[in-house]
Amino acid sequence: MTFTEAELAYLREQPIGRLCTIGRNGDPQIRPVGVHLGPGETGIDVVGHALASTQKWRNVLRNSQVAFIVDTVLSVRPPDARGIEIRGTATAMPGAGTTDGGLSGDIIRIVPRRIVSWGLDGPGTTARDWPESQRAND
């Protein structure tokens with residue numbers, strides 16, 4: 001399994017994350033997107049109403065390296081925050097999803113390469129890399 005149970009529970013309850021893609025000139029572009037777990041809950045699916053016409057879609061077609069982050073600050077004093085960062089590879093999948101609710105049916109599927117989380121599996125930060133062989137099988 002890619003995510004821990006605590007990470008899955010957190011991702012299931014969060015409506016918004018931020019997807020960072022790499023633009024044509026190598027500059028990062030970050031946009032808010034909905035949080036949707038992919039098939040088998042092993043990655044993240046980004047969907048939208050006109051996804052294939054967006055800059056993030058074009059960026060993924062040019063460069064598949066992405067980062068996705070979901071975080072919550074519960075308190076500044078005392079500090080209490082939680083979140084997850086997923087670095088990985090994205091694939092643009094035209095017509096692979098549902099068109100329910102006016103969605104385009106297009107998906108950007110993120111397969112994790114590295115997962116960093118904080119405040120979810122106990123105190124502190126946990127980080128792990130996902131071996132290439134397991135990513136290919138997910």
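**Questions about a predicted chain**

Biologist: In which strand is the place of Ile 16?

Modeller: This is a predicted model, in which local features need pLDDT of at least 70, side-chain atom pairs count only at pLDDT 80 or more, and totals for chains, interfaces and linings use all residues. Residues are numbered from 1 along each chain as its sequence is written, and side-chain values use heavy atoms, leaving out hydrogens and water. Helices (H or I, at least four residues) and strands (E, at least two) are DSSP runs, numbered from the N terminus. The run of residues 16-22 holds Ile 16, and this is strand 1.

Biologist: Does Ile 16 count as buried, exposed or partly exposed?

Modeller: Buried means under 20% relative accessible area, exposed means over 50%, and partly exposed lies in between (1.4 Å probe, protein chains only). Ile 16 has a relative accessibility of 47%, so it counts as partly exposed.

Biologist: Which residues does Ile 16 touch, not counting residues up to four places away in sequence?

Modeller: A contact means heavy atoms within 4.5 Å. Leaving out residues up to four places away in sequence, Ile 16 touches Pro 32, Val 33, Val 35 and Val 70.

Biologist: Among contacts between residues at least 6 apart in sequence, what percentage joins residues at least 24 apart?

Modeller: Picture the C-alpha atoms filling a box of roughly 45 × 35 × 35 Å along the principal axes. Of the 138 residues, 36% count as buried. Among contacts between residues at least 6 apart, the share that joins residues at least 24 apart is 60%.

Biologist: Which residues are buried in helix 1?

Modeller: Helix 1 covers residues 5-13, and on its other side Glu 5 and Glu 13 are exposed. The buried residues of helix 1 are Glu 7, Leu 8, Tyr 10 and Leu 11.

Biologist: Within what arc do the buried residues of helix 1 fall?

Modeller: An α-helix has 3.6 residues a turn, so residues three or four places apart point the same way. The arc is that of the directions from the helix axis to the C-beta atoms. The buried residues of helix 1 line one face of the helix, because they fall within an arc of 165°.

Biologist: What do the buried residues of helix 2 pack against?

Modeller: In helix 2 (residues 55-62), the buried residues are Lys 56, Trp 57, Asn 59 and Val 60. They cover an arc of only 160° around the axis, which puts them on the same side of helix 2. They pack against strand 1, strand 2 (28-34), strand 4, strand 5 and strand 6.

Biologist: Which residues does Ala 92 touch, not counting residues up to four places away in sequence?

Modeller: Ala 92 is in strand 5. Its relative accessibility is 17%, so Ala 92 counts as buried. Not counting residues up to four places away in sequence, Ala 92 touches Trp 57, Val 60, Leu 61 and Ile 107.

Biologist: Which peptide bond is cis, with omega near -5°?

Modeller: Most residues other than glycine have a negative phi, and most peptide bonds are trans. Look at Pro 78, in the loop between strand 4 and strand 5. The cis bond runs from Arg 77 to Pro 78.

Biologist: And what is phi of Glu 41 near?

Modeller: Glu 41 is in the loop between strand 2 and strand 3. At 27% relative accessibility, Glu 41 counts as partly exposed. Glu 41 is a residue other than glycine with a positive phi, near 55°.
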